[in-house]
Amino acid sequence: MAPITRAEHRFRIIVVGAGVAGLTASHCLQKLGIDHVVLEKQAKVAPPLGASISMWPHGLRILNQLGCLQDIKTSAVPLNRFLCRDPDGRLIHDNTLYTHVQENHGIGFFPLERQRFLQILYDGLPDKSPIRTGQAVGDVKQFSDRVEVRLSTGEIEVGDMVLGCDGVHSLVRGVMWDYATKTSPGLIQAKEKASLKTSWKTLIFITPGIPALGERDLTVTYNDGFTFLVTSQPDAVYFFVIFRREKPLTWPKREYHTEADVEKLAAQVIDKPVTDQLMFGEVWKRRTRASVVSLEEYVLEHWHHGRIVLAGAPEHGAGGNSAIEGIASLMNHIHRVLPLEQKQTRTRLDISSMRNHKPSGTALNMAFAAYQSERQHRMRELMDLSTMVAKMHTYATPLHRFMANWMMPLLDDRKFADRVGAYIAAAPKLDFLPDVSFTSGRLPWKSSTDGREEEEEVLLDDILEGKSVAVSG
Ligand SMILES: Cc1cc2nc3c(=O)[nH]c(=O)nc-3n(C[C@H](O)[C@H](O)[C@H](O)COP(=O)(O)OP(=O)(O)OC[C@H]3O[C@@H](n4cnc5c(N)ncnc54)[C@H](O)[C@@H]3O)c2cc1C
């Protein structure tokens, strides 16, 4: 297919990856009336991979704006008890966190099977035609006025920007780095690339409901070097055995897992108690499917360059939730730089009626920079917290063991929930859609626009001083 020139196409975004971030992006772009395509390498949008993804109140607030909340509520029940156990399976802390979360935000935590969750996102799309499965992206080329995305079939998709939602082992990220190295030498340092670490390896599986694990509980059983993390629902149990690596892998090293690894990891813990009544072996034999996943965890310094911007969330504890929140933030900033004509036409669902209403390259760059600045801080906060929690649960040092066994049970659960609540309440929602926040909670939601004017002035100054990389067009 011959490349289309800029004048011939309207503002168009090429999204790579139809996981949590990519599907959420399509929802938002459809609401904004922005032409786009989502390219997914898998043959199916919601493959039977992984176990569960937990939706937090702030992710649910965004999904409510996108019309997906009802399906989530009918597919899962909110968590009730949070039970922490020692290596013998003895209960050491019955944490009332989830009761307080419900009181604080008017809604709780919903753990959904990952496959079901992706299916809900897909089924809820008003128009499914932008989602193209079986389309692996092989390369991205940037020009002053467009991007060209080459598929493994040789076909080329042309647009104004690329949104990389292609997961932890992102091809788009690599292309962005190569491009930055050519056009802005020295911008991406080896230190940034080496910050991509794989510190954990997780055995993930699903079983039918197991009464001893409750119907809506989270059980964490601490151990030396690994931890059991179990989420129960009335008809299913989502099981994660998280192993701490002695030495983290540093990018570009990565590990590929086989069926033999699944069995080998299970054998290592087969004789360990999950609770004071249940051994791991008893749960393992009930699995319906199992896999091993090694996720890189990082917070990059640079989330965009030229016409490429990265999204998604490489984070264990709240990865899916953070991916949704990140897309909301990016879409808010893109919406703010859309030309007025496009904002006016978006209320008409006929996106073919929009012609050539494009934000300039500099405007896009401003939106990307604002998004990066808003997200980086929150992602660092979350990454620090989740690393600390994972280290406590796997007794990484005597201090982490002491914190898990003695300090956490003595903490005031309400104060802990309020601390988590401050993070939840500060999350963005979609500013261009009606506010459908849950209002019955005791903690107020912070508006996404709080403090934005000041932040934008600083960003504008950065761009004018050349601290951000502007693109022409
Ligand atoms: C196999 C697997 C199982 C997981 N299981 C769990 C789990 O049980 N619980 C949990 O909380 N988190 C799990 N995660 C992590 C969690 O899904 C992510 O952290 C979170 O969903 C972030 O979403 P994302 O959209 O950034 O990435 P992902 O959900 O990983 O989506 C990335 C998508 O991009 C596609 N893609 C990649 N490269 C290309 C390419 N070159 N061209 C086109 N498409 C491409 C992938 O096929 C995938 O669909 C799992 C991740 C994986 C990969």
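Predicted model: local features only at pLDDT ≥ 70, side-chain atom pairs only at ≥ 80, totals over all residues.
Biologist: Which side chain does the side chain of N321 make a polar contact with?
Modeller: That's H58, at 2.9 Å, side chain to side chain. A polar contact here is a pair of N or O atoms within 3.5 Å; within protein, one must be able to donate a hydrogen and the other to accept it, and residues adjacent in sequence count only if both atoms are side-chain atoms.

Biologist: OK, back to N321. Is N321 buried or exposed?
Modeller: N321 counts as buried because its relative accessible area is 0%. Buried means under 20%, exposed over 50%, and partly exposed in between, with a 1.4 Å probe and protein chains only.

Biologist: And where does N321 lie?
Modeller: In helix 10. Helices are DSSP runs of H or I with at least four residues, strands are E runs of at least two, and both are numbered from the N terminus. N321 also touches S54, M55, W56, H58 and G59, leaving aside residues up to four places away in sequence; contact means heavy atoms within 4.5 Å.

Biologist: What about N and O atoms by the ligand?
Modeller: In the side chain of E40, an N or O atom is 2.7 Å from an oxygen atom of the ligand. For S52, a backbone N or O atom lies 2.5 Å from a ligand nitrogen, and a polar backbone atom of K41 is 3.1 Å from a nitrogen of the ligand.

Biologist: How much of the ligand does the protein bury?
Modeller: The protein buries 85% of the 960 Å² that the ligand exposes when taken alone. Those areas come from the Shrake-Rupley method with a 1.4 Å probe.

Biologist: One more: where is T275 found?
Modeller: In the loop between helix 8 (259-269) and helix 9 (280-284). The T275 side chain reaches the backbone nitrogen of Q277 at 3.0 Å and that of L278 at 3.1 Å.

Terms used. Residues numbered from 1 in each chain as written. Heavy atoms only, no water.
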